[in-house]
Amino acid sequence: DSKAPRERMAGLMDLLGTSRLLLLWDGLEMDRGGRISDPYLSQFYLMMIRGLGAGRAIITSSSLPSEAVTLPARAWQWKTEGLSQGAFVRRLLYMPAVADRYRKGEISFAALAENHRIASGLPLRLDQTARALSLDDMAAGEEPLAALTCRLERDSLNALCRASVYNIAVSPTGIAAACGLTIEQAESSARSWQALSLAHSSGELWTVPSALRPGLVSRLPGEEIQSAHREAAGFLKSLAEAGHSGELGLSRLDVLLEARGHYMAAEDWQAAAATTGRISSYLRRRGHYEEIIRLNRELLAPESHSLSGPAAWMGQAYLDQEDFKKAGQWYERAVQISPEPANYHGLGLSLMHQERYDQAKESLQKASDAYNEAGDLSGQAAVLSSLAAIDMKKGDTGAALEKMERIAGIMGQLGDLPGQAQALQETARLEMMASNFDSARQRLNRSLEL
């Protein structure tokens with residue numbers, strides 16, 4: 001996980017080249033210029049279309065990426081479109097209930113053709129169309145979805161619309177959370193939806209067909225849409241934090257990303273930023289800096305709010321990549337939004353690495369004062385370490401030694417024996433640089449005792 005993205009992509013290509021695997025890449029996103037939005041995914045796409053060896057891949061996108069408008073000989077392009085009228089009608093007649101009514105003359109060919117037009121021939125509308133046509137009292141020309149939903153009780157229809165905010169299959173508990181129902185009510189409602197082909201189940205998970213979701217959600221008032229998204233986000237976030245993401249067949253990261261999307265749809269920017277921070281922490285440990293920048297930039301795009309967290313995370317991502325100038329710019333923005341000590345600390349580090357020591361020291365001192373006022377000993381120790389580094393770069397060994405001694409004392413207060421021992425070893429090193437060998441020996445002995 002700690003390998004660079006290019007190395008990970010090369011590893012996946014090697015696996016695809018030597019294994020008979022099928023990779024499904026659904027919904028490849030592109031920018032306004034028609035290029036793949038993510039630079040790493042763009043590189044991976046180009047690697048894939050050159051050849052996969054034993055493996056195969058299916059990629060769906062709104063158009064052919066402009067990175068390679070001419071595909072190699074072994075790659076094919078198909079335009080997805082609806083079935084022809086004959087093929088759509090033929091598949092409807094495979095359904096026993098529809099075929100029976102057609103044989104009895106209760107459904108005409110013209111009615112079947114009209115439903116092909118209404119569904120635009122899309123195969124994903126076949127289930128709902130067939131179920132509606134099996135109803136004895138479906139009016140001529142009636143839209144299948146309307147014919148099905150009008151058979152639901154008002155509360156059940158409202159719950160279906162709220163449950164449609166989910167883009168993944170969820171448990172009855174998840175449906176209950178988004179819809180304000182008990183689990184028993186959610187299970188009962190889901191079964192009634194399934195009977196009308198308005199929901200599908202897989203094991204204990206339920207989902208509303210993707211083709212129906214936008215229309216169902218749009219039936220709700222704006223405030224209720226936001227409410228459903230907010231409740232869905234809360235359910236998913238709690239599930240991830242409790243370590244139960246596997247109940248949905250997803251990883252903790254996947255569930256947190258889903259929760260983040262719901263918070264954004266609800267325009268709950270503070271909660272979205274907090275969840276993005278959790279995600280960013282995970283991604284940082286694995287070196288996914290570009291993804292950290294992309295996710296946090298999305299939160300800074302709306303002009304209706306100001307959040308320091310996303311700006312700080314972008315600063316941290318650039319700092320980790322040693323792009324100190326950009327890191328400083330984003331930390332400066334974070335400080336302007338919210339003068340939190342962590343933001344001043346990040347700004348100080350960015351300036352220090354640009355050898356702007358006086359400005360760095362000023363920012364770090366502000367962070368130190370704030371941590372001291374808040375009684376945050378860990379924060380104080382981290383800032384003192386950075387200030388000591390500046391002293392060393394400026395050749396002030398005495399000032400650096402004094403700060404390291406303070407760090408050793410703080411580590412002792414925290415009960416962090418390894419941290420205290422490390423600080424004592426650093427003070428011993430500084431003592432040796434000043435030729436204070438007796439003092440250095442005492443500090444080393446003390447560190448060994450710890």
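Biologist: What distance does helix α17 reach from its first C-alpha to its last?

Modeller: The model is a predicted one. In it, α17 covers residues 324-337, which amounts to 14 residues. At 1.5 Å a residue a span of 20 Å is expected, and the helix comes close to that. From first C-alpha to last, α17 reaches 20 Å.

Biologist: Which helices do the buried residues of α17 pack against?

Modeller: The buried residues of α17 are F324, A327, G328, W330, Y331, A334 and V335. An α-helix has 3.6 residues a turn, so residues three or four places apart point the same way. The partners of the buried residues of α17 are α15 (289-300), α16 (308-320) and α18 (341-353).

Biologist: Is M314 buried or exposed?

Modeller: M314 lies in helix α16. Buried residues are those under 20% relative accessible area. Because its relative accessibility is 0%, M314 counts as buried.

Biologist: Which residues is M314 in contact with, leaving aside its neighbours within four places in sequence?

Modeller: W330, a buried residue of α17, is 16 residues from M314 in sequence, with 6.4 Å between the two C-alpha atoms. W330 is also one of the contacts of M314. With sequence neighbours within four places left aside, the contacts of M314 are I293, N296, R297, L300 and W330.

Biologist: How are helices α19 and α20 oriented, roughly parallel or roughly antiparallel?

Modeller: Helix α19 (residues 357-374) and helix α20 (residues 377-393) pack with their axes 9 Å apart, at an angle of about 160 degrees. Angles over 145 degrees count as roughly antiparallel, and therefore α19 and α20 are roughly antiparallel.

Biologist: How many nonpolar, polar and charged residues does the contact of α19 with α20 have?

Modeller: The crossing of these two helices, α19 and α20, is left-handed. From α19 the contact draws on Y357, A360, K361, L364, Q365, A367, S368, Y371 and N372, and from α20 on G379, Q380, V383, S386, L387, I390, D391 and K393. By class, the contact of α19 with α20 has eight nonpolar, six polar and three charged residues.

Biologist: Which helices do the buried residues of α20 pack against?

Modeller: α20 has 17 residues and reaches 25 Å, close to the 24 Å expected. Its buried residues are G379, Q380, A381, V383, L384, S386, L387, A388, I390 and D391. The buried residues of α20 pack against α18, α19 and α21 (397-414).

Biologist: How many nonpolar, polar and charged residues does the contact of α22 with α23 have?

Modeller: Helix α22 (residues 417-433) and helix α23 (residues 437-449) pack at about 165 degrees, with their axes 8 Å apart, which means that α22 is roughly antiparallel to α23. Their crossing is left-handed. The contact is made by Q420, A421, L424, Q425, T427, A428, E431 and M432 of α22 and by F437, S439, A440, R443, L444, R446 and S447 of α23. By class, this contact of α22 with α23 has seven nonpolar, five polar and three charged residues.

Biologist: Which residues is H229 in contact with, leaving aside its neighbours within four places in sequence?

Modeller: H229 is placed in helix α12 (residues 222-241), and it counts as buried because its relative accessibility is 12%. A178 is 51 residues away along the chain, yet the C-alpha atoms of H229 and A178 are separated by 7.2 Å. Leaving aside neighbours within four places in sequence, the contacts of H229 are V165, H262, A265 and A266.

Note on methods. Residues numbered from 1 in each chain as written. Predicted model: local features only at pLDDT ≥ 70, side-chain atom pairs only at ≥ 80, totals over all residues. Heavy atoms only, no water. Helix = DSSP H or I, 4+ residues; strand = E, 2+ residues; numbered from the N terminus. Expected span 1.5 Å × (residues − 1). Buried < 20%, exposed > 50% of the residue type's maximum accessible area, 1.4 Å probe, protein only. Contact = heavy atoms within 4.5 Å. Axes fitted to C-alpha atoms, helices over the stretch in contact; angles between N-to-C directions. Parallel < 35°, antiparallel > 145°, perpendicular 65-115°, else oblique. Left-handed = near helix turned anticlockwise from the far one by under 90°. Nonpolar A, V, L, I, M, F, W, Y, C, P; charged D, E, K, R; others polar.
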